[in-house]
Amino acid sequence: MDMYCVMGNPVEHSKSPWIHARFAQLMGHELRYEKRLVALDGFIDGIRTFREEGGKGCNVTVPFKFEAAMLAARRSPRAELAQACNTLRFDADGIFGDNTDGVGLASDIAHNAGIDIAGRDLLLVGAGGGASGVLGPLIEGRPRRIVVANRTSAKAAALIERHATLAASHGTQLQASGLDVAGAFDVVINATATSMSGAGVPVPASVLKPGALACDMMYGPAAQGFLQWASGNGAIARDGLGMLVEQAAEAFLVWRGVRPPSAQVLAELRATLA
Ligand code: NAP
């Protein structure tokens, strides 16, 4: 039976095994998908071991997405731009690296939340593996402006520099900032690890326009603080569960050549967790 996994640290909270098992069931595929906790300095060994065991591919989560991109012998254009991979496929001629986070988030905002970001002002908070993967696909939605704000502002600056050509060709203004962000936005995306670590919302409530969409990439109990902050300040609050299911459906496509019904599985997962 084909084997896949998600590698990360931490990884215990991951719902990916449930999602991929359900995708496989609905598509009539036989596969096994598990979570693997990898030591912070053990990612390369973890990949080697899994390949030796016959693994066909894996998802990569915090904090290994940049390392995964460096490990891939070939990368998709979107992974190249992100310099981060959340999906690896073990091909006969080496590791293929992709990034499905961005298309996952863009698809969740457009189809599950029903919001068109064209012409809007977006704030992307964070410049780690998650933020790097989503900036390109967000630009492709043609917003008016995207501000990337990060605790380490130099990382935000490097991220926007890499996306400057893409942004110019889509008519999107790109700016980098620290966490003391000025102005208000139609869509605010928290792509930092603050919800995961319990560190609190990293930006002031003044970033939210009335009725803004405020998304946290985190989901489950750890996202509750952000969601309460968002709705308490007049925004539409959205967790990262839709993004998770959408990026998983795209990873399934990379591995298995078909895209499973993500909206159905998201509805089932929400019902299971409720
Ligand atoms: P990462 O590569 O480790 O990056 C962490 C980011 O968080 C960096 O921007 C870092 O800023 C920032 N940060 C950490 N602690 C902070 C604090 N106390 N205050 C302010 N900023 C802080 O992690 P990642 O892979 O981007 O993941 C980030 C989050 O997104 C995680 O919660 C992850 O689970 C989630 N995620 C979810 C999905 C999904 O499908 N739903 C997909 C991808 C990611 P510095 O650069 O200054 O260190």
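**Working chat**

A: Let's start with Arg142, in the loop between α6 and β8 (145-149). Keep in mind that this is a predicted model.

Q: What is the phi of Arg142?

A: Phi of Arg142 is positive, about 55 degrees, although Arg142 is not a glycine.

Q: And is Arg142 buried, partly exposed or exposed?

A: Partly exposed, because its relative accessible area is 45%.

Q: What about Gln83, what's its phi?

A: Near 55 degrees. That is a positive value, and Gln83 is a residue other than glycine.

Q: Where does Gln83 sit?

A: In the loop between α4 (77-82) and β5 (87-91). Gln83 counts as partly exposed, because its relative accessibility is 41%.

Q: Switching to the ligand. How many residues are around the ligand, and which come nearest?

A: There are 25 residues around the ligand. Gly129, Gly130, Asn150, Thr152 and Lys155 come nearest.

Q: What does the side chain of Thr152 do with the ligand?

A: An N or O atom in the Thr152 side chain is 2.5 Å from an oxygen atom of the ligand.

Q: Which part of Gly129 faces a ligand oxygen, backbone or side chain?

A: Backbone. A polar backbone atom of Gly129 is 2.8 Å from an oxygen atom of the ligand.

Q: And Ala127, how far is its polar backbone atom from a ligand oxygen?

A: 3.0 Å, again from a backbone atom of Ala127 to an oxygen atom of the ligand.

Q: How much of the ligand's accessible area does the protein cover?

A: 86% of it. On its own, the ligand has 930 Å² of accessible area.

Q: Which pocket does the ligand take?

A: The largest pocket is the space taken by the ligand.

Q: Which elements give two or more residues to the shell around the ligand?

A: α6 (129-140), α9 (194-197) and α11 (241-256).

Q: Which one has the largest share of that shell?

A: α11, with three residues.

Q: Are Cys5 and Cys85 buried or exposed?

A: Cys5 counts as buried, because its relative accessibility is 0%. Cys85 counts as buried at 0% relative accessibility.

Q: On to peptide bonds. Is the one from Asn9 to Pro10 cis or trans?

A: Cis, with omega near 5 degrees. Pro10 lies in the loop between β1 and α1.

Q: What kind of peptide bond joins Val62 and Pro63?

A: A cis one, with omega about 0 degrees. Pro63 is in the loop between β3 (57-60) and α3.

Q: Back to the β1 and α1 loop. Where is Ser14?

A: Ser14 is found in that loop, between β1 (2-8) and α1 (16-27). Ser14 is buried, because its relative accessible area is 9%.

Q: What does the side chain of Ser14 have 3.1 Å away?

A: The backbone nitrogen of Ser16. The distance runs to a polar atom of the Ser14 side chain.

Q: Which helix holds Leu71?

A: Helix α3, residues 65-71. Leu71 counts as partly exposed, because its relative accessibility is 26%.

Q: How far apart are Leu71 and Pro210 in sequence and in space?

A: They are 139 residues apart in sequence. C-alpha to C-alpha, Leu71 and Pro210 are 43 Å apart.

Q: Last one, Val207. Where is it found?

A: In the loop between α9 and β11 (208-216). Val207 counts as buried, because its relative accessibility is 0%.

Q: And how far is the C-alpha of Val207 from that of Ile47?

A: 40 Å. Val207 and Ile47 are 160 residues apart along the chain.

How values were computed:
Residues numbered from 1 in each chain as written. Predicted model: local features only at pLDDT ≥ 70, side-chain atom pairs only at ≥ 80, totals over all residues. Heavy atoms only, no water. Buried < 20%, exposed > 50% of the residue type's maximum accessible area, 1.4 Å probe, protein only. Near = heavy atom within 4 Å. Polar contact = N/O pair within 3.5 Å; in protein donor to acceptor, adjacent residues only side chain to side chain. Areas by Shrake-Rupley, 256 points an atom, 1.4 Å probe, with all protein chains shown as cover. 1 Å grid on protein atoms, 1.4 Å probe; cavity = no way out; pocket = protein on both sides within 12 Å on 5 of 7 lines; lining within 4 Å. Sits in = over half its atoms within 2 Å of the grid points. Helix = DSSP H or I, 4+ residues; strand = E, 2+ residues; numbered from the N terminus.
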